[in-house]
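Here's a quick tour for your first look at a protein model. Keep the sequence and the 3D view open as you read.

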Amino acid sequence: MRCIASWGKLAILLLAVSGAAFAETPAQLQTADTTLRFTADANAPRLLTLQTAGRPAWTNRAPETLIDHVKVDGKSVPVKWEFNPQASQTSAHKISYVYESSAPHLRLTWEWEARAGYGPIEHKIRIENLGSQELWAPLQDSFRFDWQIDPQQPLEHIYIEKGAGTPSSEGTHRAVLQSGDKWEGTSSTYGHPGPYEPREIIPWQLVQTQGAQDGWYVGIEFSGRTHLTIEREKDSLQGEVGLNPNPAPFYTRLVANGSFETPTIFVGAFTSGADAAGNILRRWGRNVLTNPETWKNPNYPTATNNSWGSGMEINEELALHMIRDSAELGLEMFHIDAGWFRGVGDWYPHPQKFPHGLAPIAEEAHKQGLKFGLWVDWTQAAFGTDPGALNARDPKVKNWMVTDLPADWEPEPFKGQTIDLGDPAAKAWAQNETNRLVTDYHLDMLEHDGYLVAQGCIRDDHPHAAPDPFNMCVHKDWGSYWVLSSNSTDVSYHAVRAYYDIHSNLRKRHPGLMLEVCNDGGRMVDFGSAAHGDYFSITDTYDPLSNRRAFYDTSHVLPAAMLESYVEKWPVPKIENFRYMLRSGMMGWLTIMQNTNAWDHQQHDVAKAEFQLYKSTLRPFIRDADLYHISPRPDGIHWDAIQYFDPKQDKGVVYAFRGTTETERSHTFVLQGLRPEATYRLRFHDGSSPDRTVRGRELLQKGLTLNLALPLSSEIVFLDPVAR
Ligand SMILES: [Zn+2]
């Protein structure tokens, strides 16, 4: 396999050091969409090519870059890796190449696995310390690539922002990649959309050829501090994927007989553009990453009523009233948001607000046929002194917190100071506490909010690396102190693993329990959370435009059922505006977050009908159908639309929205995914146009024309096959 014309610098160095290289017959893993070929060189493994059937392969020019040293007692010791063919394995679904170092005694397993017959292939690297001494390992990327490209080939790069805070005006980024272009996207446990730093992305990127629109994508299944880069220069397209190396230098502890695993990544190939890639990836994500127990519930995604419409005022009387109204409206879960507890860190019902506790509230919800969910920010410490409270002044808890608190610190009404779950004692407390919450309050759903999973910590007696005291920044944001130092990525690595364990433990003990990842709205949207939670709040701003924008963005890569929109109070002078408001949150998981008792009779009746439509007709599409972004991203002014189409049933639905435009009364959307030769009946749910039949070809070429008389209104159009 030495025939590839151009070598990376490292490869030349390795060859020079090792002399004749070991080569074995390339191995291959294949799904319906993605074919990868690999080889094991003497000192490093290599991904050779990435390909989808019928299209040219992407050829990788460099072997994997493996760590070249570890630290022992503060001193750097070089590591020389040698391939161990006896320990390596290849099968139809998995390859693992094993490399070993004799001194220091280490084993590295380079693993790729196809967990489904379609979609991407996953990859991780495990480094084991086989010696009896503690070591410190530098950063091992999950994946590096250096594709050989035609310098003239026009390429497009696509990446997606998190909806954190408020979705920005762009969200879904599509840019032409030109020679000299360099890009980095980052993700962490908490996306800070600041004016001075770039917004966080969902850790994923896609590259496709312009015109043919075939290409590849790579994503990270981890919620800690990660990054992806890409750089195009002449005939090279290179980049790295994995833990974020900054602030440098990253080191992670390898205890004797311990191991370090890179975040799992996935790589997939596709043809026919980003929506085609998304339709494969969403299905793969659902079947490979998410919890199968959750999907067994036919009422997932679950139409929910959330108490935050009344803010912190929630109490027993209001809760019982909301339960009655939720049942009357046909909603399926009653969700108590912040405000129910004694205090931050003191997750027991407030005795004045809930004199009988929460269990009777849960029982009433269950009696009315509703599920019961609860908001908790379960890693926050404050000043509660009742038994069971996480008290920041308790010396034990003090050492769990990511930093010391100044004497004048006060918790906010529902935010305190984050503890580091990466510390085993803190993790054990959180594991018990979350289990107690679910058991004692009879929960069907547990939501976590706030800055839950640490990324940066001042402690030097936690399992993560110590911070660099000369290069450390501690700042306060929204009630909590944050630490940024060279250990931040390692802190997040340990804390995220603990967080995943806690969620896995809850799932094991409480089958059917749902877990909502809120994290102050849309700040922890990634493929690792998708594997350890059941749905995401996708933005912290809940007006119709923000909801549609956040859905438009996230639905490129994650199953639509997981994508939660909170529908908050919004000016609705006309009933058409009311429908528009509701439907802007009805494309994925629907949560109502307003006082439904304040709705008038007409609004009540319309909402009830919309929820019925959601449950009976829209939800099956949201769960199972392909999804197409058939308009530009919503801007609130012009028209926008999302199309679902289920090819198995040959059925679909279009959600169409008219923005504030006063002049554009009609708009045409070109549809996708239909059979051109088939005939479809178009059913306009609100009757904005008469129902009619039309050939698939016409909808795919000329499009579907909608007429809506009013700005800020909507229509839902169903497409059903006509038997011929
Ligand atoms: Zn720590």
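Predicted model: local features only at pLDDT ≥ 70, side-chain atom pairs only at ≥ 80, totals over all residues.

What covers the buried residues of α5? The cover includes α4 (316-329), β25 (333-336) and β28 (371-376).

**Helix α5**
- Helix α5 spans residues 359-367, and I361, A362, E364 and A365 are buried in it.
- Looking down the axis of α5, you'd find its buried residues within an arc of 160 degrees, so they line one face of the helix.
- After α5 comes G369, which has a positive phi, near 80 degrees.

**The open sheet**
- Six strands make an open sheet with antiparallel pairing, in the order β38-β39-β40-β45-β42-β43.
- The edges belong to β38 (626-628) and β43 (692-695); each has a single partner strand, so one side of each has no neighbour in the sheet.
- On average, neighbouring strands here are turned by 25 degrees against each other, direction ignored.
- Zoom in on β39 (residues 639-646) and β40 (residues 651-658): they pair in the antiparallel sense over 8 bridges.
- Y644 has V653 in β40 as its bridge partner.
- Helix α11 (residues 575-583) lies across β40 and β45 (713-721), at about 65 degrees to β45.

**How confident is the predictor?**
- The chain has a mean pLDDT of 95, with 96% of its residues at 70 or more.
- Among the chain's elements, β40 has the highest mean pLDDT (99), while helix α1 (residues 9-18) has the lowest (34).
- Over residues 1-23, pLDDT stays under 50, and the model has 35 contacts beyond four places in sequence for them.

Methods
Residues numbered from 1 in each chain as written. Heavy atoms only, no water. Pairing = 2+ DSSP bridges. Helix = DSSP H or I, 4+ residues; strand = E, 2+ residues; numbered from the N terminus. Axes fitted to C-alpha atoms, helices over the stretch in contact; angles between N-to-C directions. Contact = heavy atoms within 4.5 Å. pLDDT = per-residue confidence, 0-100. Buried < 20%, exposed > 50% of the residue type's maximum accessible area, 1.4 Å probe, protein only. Arc of directions from axis to C-beta.
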